[in-house]
Amino acid sequence: MNKKRTGERIIYWLMRGITYLVVAFIAYILIDILVHGLPAISWEFITGMPEKSGAEGGIFPAILGTLFLVIGTIAVALPLGMFSAIYLTEYAKQSKFTQTIRMAIVTLAGVPSIVFGLFGLGLFVITLDFGSSILSGSLTLACMVLPTIIVASEESLKSVPKYMREGSLALGATKWETIYKNILPYALPGMLTGSILGVGRAAGETAPILLTAAAFFLPELPSSVFDQVMALPYHLYILATQHPEAQKILPMQYGTALVLLFLVIGLNFVAIIFRIRVRKKYKW
Amino acid sequence: MNKQRLKAKFIKYFLQSCGSLSIIIVLLIFLFLFKEAIPFIGDPGLGDLFHNIWNPVSFQKEEFGIVPLVTGSILVTLLATVIAIPFGIIGAVYISEVASPREREFLKPFIEILAGIPSVVLGFFGLIVIAPLIKQLFNLNTGLTALTGAVLLAFMAIPTIMSISEDAIKSVPSIYKEASLALGASKLETIWKVVVPAALSGIVASVMLGMGRVVGETMTVMMVTGNAPVISMNPFTSVRTMTATIAAEMGEVTIGSNHYMALFWVGIVLLLMTFALNMISFRVLKKYGMIDK
């Protein structure tokens, strides 16, 4: 009996060890980038223009470009995803059509990012003639994050209890009034949080914007949505693999990686904090 | 009254059209990939895609055989899956059955971070840290191998495998566990002989979803697998995946050229592969009641 106990204990410890190995790997990545990236960060690095093709100077245009792309993606995908989720939870009945939508969402969620790039290139850049631009990039990324936003928004809508709908309907409100005044106010924070998590992914994506929006170096900041932009992930990719002196400019690479990581994880962090706060506020 | 009804109808149709947007986008993706790729069938002909050499830029003879790219993707994906499975599944079992609630509260979000790390950052980390390590460890000429890519991609698949396996494990009815414990089985025996087998199809689906993610990953593999389009099943050689080929070559290609169309065919093959993986896991998860019908 005792022997068996010891054996089980060893197995438990093995399982624990394997799980924490993953944790250690994540911690190692984060710490490595933090330790090597922090010395590279300075006011000039954040706000300056790149010099000597990225070997010196700052990354301001890349930060700005990524922000533009993220804002564009949110502006397109957020309303569409939310409306889509409202339709699915509040209006859709069990039908072939609804099932097809669900299947499409799952399919869309599994499409590789580079295929979204090809699609964006074919549709937005060439056929609609938007060129390689903020607009093309944002639309492509919006298609990519749409399923995440829909699923997150649906979860949030479903968590609003049924009696809140029934109470409102019983008092004579129309269906839309019920949704607009009695469900959305409670569901909106959750919908936003889930969506931010989705958009965080878009901020770090490189492959789609490679084909639809990004340029490595631009002498001027973009002035309209039809301009190409620099972007943090693409900047890091070029500095790390294509730059003739890639080995010598490691600090620049680490600095860019840290800023990008900070942006993406920071965005997630904000979303999570927001969710915890809202959960405490609205309880039923 | 009539006006209100009209408004209600309008709202419904508006929301419905937003809802059907996902279907439209999926159709558009297939449409535009094929639209750009179709002329290839006439000249130089689809047969060229099945050749064993990918050499699209050449003064003598351009070769558009995508076989090395497909084998490259398969090699990296299989390796990554083999590495990811033990971590993903054992991690999921540990988190859902063994860890204390407080531990769980720390582990779950922390591992979620891994899913949030941009692939280009992971690739950069691989290039600087993992590749030299693998070069040294196995005494190779270069650290940029299929194995390097696989190690990094495994860590990308782990969060997917873990979170979905965990859901599958949680959805096993507790009477199974109670019955097993009542019959005198220990907790460990119950976990591995009752709970995990009962959740197996969900776990398999999670692995397939993880594989779908890995096949489609672009930046990490492009940065660390060395990008040599050769047919090889040796983990220590440089390979080039389908995704990396598209990303690396699309920038320099003339729109409408044979090379351009060939890259779209690579995209189509990739899309179909991930589509198949996703559909199978979708079916399984639906049967499990883990996805809305």
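Begin with the largest nonpolar core of this predicted model. The core comprises 182 residues, and L153(B) and I158(B) have the most contacts inside it. Next, select helix α6 of chain B, residues 146-170. This helix gives the most to the core, with 16 residues.

Remain at I158(B) and display its surroundings. Once its neighbours within four places in sequence are set aside, I158(B) is in contact with A84(B), F87(B), G88(B) and L114(B), and also with V22(A) of chain A.

The next stop is the boundary between the two chains. Select the residues of chain A and chain B that touch: 66 residues of chain A are in contact with 68 of chain B. On the chain B side, the element that gives the most is helix α2, residues 21-37, with 11 residues.

Finally, select two helices of chain B: α9, residues 200-216, and α12, residues 258-287. Their axes come within 9 Å and cross at roughly 160°. An angle over 145 degrees counts as roughly antiparallel, and α9(B) and α12(B) are therefore roughly antiparallel to each other. Their crossing is left-handed.

To view the contact itself, display the side chains on both helices. Residues of α9(B), including V204(B), M208(B), L209(B) and V215(B), meet residues of α12(B), among them L270(B), M273(B), L277(B) and I280(B). The residues of this contact divide into 12 nonpolar and seven polar, with no charged residue.

Definitions and conventions. Residues are numbered from 1 along each chain as its sequence is written. Chains are lettered from A and ligands numbered from 1 in the order in which they are written. This is a predicted model: local features need pLDDT of at least 70, side-chain atom pairs count only at pLDDT 80 or more; totals for chains, interfaces and linings use all residues. Two residues are in contact if their C-beta atoms, placed from the backbone, lie within 7 Å. Helices (H or I, at least four residues) and strands (E, at least two) are DSSP runs, numbered from the N terminus. Axes are lines fitted to C-alpha atoms, for helices over the stretch in contact, and angles run from 0 to 180 degrees between N-to-C directions. Angles under 35 degrees count as roughly parallel, over 145 as roughly antiparallel, 65 to 115 as roughly perpendicular and the rest as oblique. A crossing is left-handed if the near helix is turned anticlockwise from the far one by less than a right angle, and right-handed if clockwise. Ala, Val, Leu, Ile, Met, Phe, Trp, Tyr, Cys and Pro count as nonpolar, Asp, Glu, Lys and Arg as charged, and the others, Gly among them, as polar. A nonpolar core is a set of buried Ala, Val, Leu, Ile, Met, Phe, Trp, Tyr and Cys residues joined through C-beta atoms within 7 Å. A residue is buried if 20 or more other C-beta atoms lie within 10 Å of its own, exposed if 12 or fewer, and partly exposed in between; C-beta atoms are placed from the backbone.
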